[in-house]
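Hi,

Here is the structure I promised to pass on. Have a look at it first, and then read my notes below.

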Amino acid sequence: MNQAVNKLTIKDYTSDQEVRWCPGCGDYAILKTIQKLMPEFDRPKENQVFVSGIGCSSRFPYYMNTYGFHTIHGRAPSIATGVKLANPELDVWVITGDGDALSIGGNHTMHALRRNVNLNILLFNNEIYGLTKGQYSPTSKVGTRSPSTPQGSIDLPLSPCAVALGSGAAFVARSIDTEMKHLSSVIKQAHAHEGASFVEILQNCPIYNDGIFENVKDKKIAADFRIEIEHGKALIFGKENNKGIRLNKETLTLEVVTIGEDCPLEDVLVHDQTNKALANLIGEMGGDEFPVAVGVIYHNPKPNYVDDLFIQREQLRQGKESGNLNTLLRSGHTWEVV
Amino acid sequence: MDAKTEQHQNIVVRFAGDSGDGMQLTGTNFTLATALHGNNLSTFPDFPAEIRAPVGATFGVSAFQIYFGSEDVTTAGDEVEVLVAMNPAALITNLKYLIPGGMVIVDTGAFNDKNLAKAKYLSNPLDDGTLDAYRVLAIDIHSQVITAVEEFGLSHKMALRCKNMWTLGLVFWLFDRDKQSTIDGLKAKFANKPDIANANIAALNAGNAYAETAELPSGIAIYKVPKAHQIPGTYRNMNGTTALAWGLLAGGKLANLGILFASYPITPASNLLHALAARKDYDVITFQAEDEIAAVCAAIGASFAGSLGVTSSAGPGIALKQEAISLAVSAELPLVVVNTQRGGPSTGLPTKTEQSDLLQAIYGRHGDTPLPVVASSHPGDCFDTAIEAMRLATKYMTPVMLLSDGYIANASEPWLIPDFDNYEPFPVTFHDKTEGFTPSLRDAQTLARVWAKPGTVGLEHRIGGIEKSYDTGDISYDPDNHQKMTDTRKAKIDNIAADIPLQEVHLGGSSGKLAVVGWGSTYGAIHQAVKRSIRQGFSVAHIHIRHMWPLPANLQELLAGYDNILVPEMNTGQLVKIIRSEFLIDAKALNKVSGQPFKISEIERAIKSEITK
């Protein structure tokens, strides 16, 4: 391993640009976590590329002292795909938001995940349009009052992780802006995954949607509202650590149980991150009834587009004299005029 | 048989049939044999948007026209002298192109009541006098084919599929062409289905033998078309799509860059994706994106990362890409955008040709976003314009729009294969010096921004669509800076005028009564019309523009040398608008938007009326 790489610190990954998010924005915490995490990857700094679309979160690349491209609304996954195809040696990160990735750019998110292009997609979900001053977003809860929905929003939100799973993502995880340790661990696993990895980061917008994730963030009550999932471990949560998630095998739905009261410990569901059906159920937990799952929801590697593309190309090139234009121009049927 | 012969310097033949009748295959085989015979030629495939329209329907008629001869042939010709009509629908939709006295070859086997009704013929045109003005060769090709391929045991339907080859065999005899290239082609195409190959070859031979031995009606003659005087060298038959694909590969090689070609299927541009996808043994990666926007964005991403991003579409797809193209203007990244224009607006006429995206190419973005626009004028020209587009994109760090159209893409012509070693390389130098680096560094002469690709040690930097400081490349909302950046982006593109060839006069004098100014695929028709007019003593010249933006530096002065300017275009007047607004010249428009290319005679008439009025 390159010595110089190991010596890098958070400072090396911090650009000279003044950070321009609102005071108290969850993006600060995410930025700090990632800047701190980067040296741990043991990868050359010049091989890190952050690509973003439009929105508050998409300003992120300016603050990383790496290569960065702040592009246009919704299209970061497509631009990042081009970057990766042009140079597979690069670590390509996509920084996006709920509006960017799931509204205007929904198509590109879906297809980047389906193709399994080796990108690390970090979706900062604050359930609101911040940069355009507070309109509701495709992840806003029903009834969200905003400048464009003064009487409250009436359309149902979608779940980012459910969209990712439905698109065929092989790595889907969720974490929280201010939980540095948890977020670091999830992003590390995402980075290690060969293929498209999708991380939803619950992020607080203190201006337009403040406190929307308070239940899962407030240390006093979070234990009852979130569950930290881990592969091979039982789905247990609660202040008393006595609540569990059980699969009702009759209805194929999940239910919250109290261990020892209405359910023995061995009946509590054990998380299997390779099980897509479970991932679908766990990923959608939340609301009044269930805790929100944070951690790696699904991880089941599949062939990735970039590797397969280059393998195919190598096979095509084998035994061929490649690249000679004069040969190409004279291939097929030609004739001489004398 | 003993047939009369007729001498023709040039002749136009049109094959027409159901879209399932294999007319395009028949046409391309006839083209190859004609090229090998030593004629100059130009072809025009004219097919419907429907892949398999109901059999016998008029909207499902597919046609292939070829103009060939001993002179310089630059269009697919105006007036058809020999029409092959495989069914009533083909006859009713194509008879209008045939000159009086021309020959029409029909398959009487297809002129049954059902097909006549589908073509909306109230009576059979073969015996109601409809064809009195023409020489008719009516043969029951249906039954001839069935007999010819009997020994191969094909189903009735499969056997009938060979009727295009039977007909081609007959036409080969009429024009004294060698059928061997078609036989070789059939063997290669059906290498895994020898029965099909042999049946088709048998049909071809049978049609040929029929013509030779049968007593053809009086008035039917063998056409003798003398060879053309061609420049010595190695030739191939070239269509615009292949020329463009190979030009992109060539441009990548000259720039010493890998290419990412990202595209989304759209008629008539998809063939370019197919052509390059088959050539991944060269330095190109093809990427079929999920939509037009993703395609251009992937190309931009690739350019950021140090490849040359290329995307391609037709008008509607280009409209979708325009926001991203503006990003490439703002970020100053190279990009080549190919627009194979088609009839618009909206879905319009997807398989027909038009030149109605010139204004979209030059002006069709948001903000002040100038970029160079280059237009191909004939199939072989696509090779050179693709190289030129790549040269400009990499030298000036800018998106370049390359205009082709449905006619050029599908048309073909004999192409004198150049020696690629004679092309001047324009290798890209990536920036690698850390000292004093900012992403805003510019070449003092070209004003091109530096290209520092990810992976280069010490040059980590951010770019984007927000306005950037002229000095540092950092985000800047400073009013003076925005003025300066806008001016710089404009100056960079304006300066290209000094780096492109001066405008030449293609035919005629450099001053005179009238200059006919064209661009794109009208080249052939204008060229012939001007040639004929000059022969008749008119003072007229042909000027054909390749660099649509910026315009050649001498163009204004050149145009000032003529009393009048006529601009024929397959749109409602786009280049003419630019000439008028840029040069304050009272140029006149000649417009056609029927989905069909200009006829030589249409331009010739306009020239005469312009000069004599």
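A:C263 is buried, as its relative accessibility is 3%, under the 20% cut-off for that label. B:C382 is buried too, with a relative accessible area of 0%. Keep in mind that this is a predicted model. If you were wondering about disulfides, which are covalent bonds between the sulfur atoms of two cysteines, the count over all chains is zero.

Now for the aromatic rings. Over all chains there are 23 aromatic pairs. One of them is formed by A:F41 and A:W93, and it is tilted, with 5.7 Å from centre to centre and 35° between the planes. What does this pair tie together? A:F41 lies in the loop between α2 (26–37) and β1 (48–52) of chain A, while A:W93 belongs to strand β3 (residues 91–97) of chain A, so the pair links parts that are 52 residues apart in sequence. Both partners count as buried: A:F41 has a relative accessible area of 11%, and A:W93 has 0%. The two rings are also part of a cluster linked by ring pairs, which takes in A:W21, A:Y28, A:F41, A:F50, A:F60, A:Y63, A:W93 and A:F124.

The charged end of B:K453 sits over the ring of B:F430, 4.3 Å from its centre. B:K484, in turn, lies over the face of B:Y470, and there the distance to the ring centre is 4.0 Å.

While you are in chain B, take a look at helix α1 (residues 23–37). This helix has 15 residues and spans 21 Å from its first C-alpha to its last, close to the 21 Å expected at 1.5 Å a residue. Several of its residues are buried, among them B:M23, B:G27, B:F30 and B:L32.

Finally, the overall picture of chain A. It has twelve helices and twelve strands, and its C-alpha atoms fill a box of roughly 95 × 50 × 50 Å along the principal axes. Of the 338 residues in chain A, 54% are buried. Among the contacts in chain A with a separation of 6 or more, 65% are between residues 24 or more positions apart. The accessible surface of chain A is about 14600 Å², and carbon and sulfur atoms contribute 51% of that.

Cheers

How values were computed
Residues are numbered from 1 along each chain as its sequence is written. Chains are lettered from A and ligands numbered from 1 in the order in which they are written. This is a predicted model: local features need pLDDT of at least 70, side-chain atom pairs count only at pLDDT 80 or more; totals for chains, interfaces and linings use all residues. Side-chain values use heavy atoms; hydrogens and water are left out. Helices (H or I, at least four residues) and strands (E, at least two) are DSSP runs, numbered from the N terminus. The expected span of a helix is 1.5 Å times one less than its number of residues. Buried means under 20% relative accessible area, exposed over 50%, partly exposed in between (1.4 Å probe, protein chains only). A disulfide is a pair of cysteine sulfur atoms within 2.5 Å. Rings of Phe, Tyr and Trp (its six-membered ring) pair if their centres lie within 6.5 Å; planes under 30 degrees apart count as stacked, over 60 as edge-to-face and the rest as tilted. A charge sits over a ring if NZ of Lys or CZ of Arg is within 6 Å of the ring centre and within 35 degrees of the ring normal. Contact means heavy atoms within 4.5 Å. Accessible areas come from the Shrake-Rupley method with a 1.4 Å probe; for residues, only the protein chains shown count as cover.
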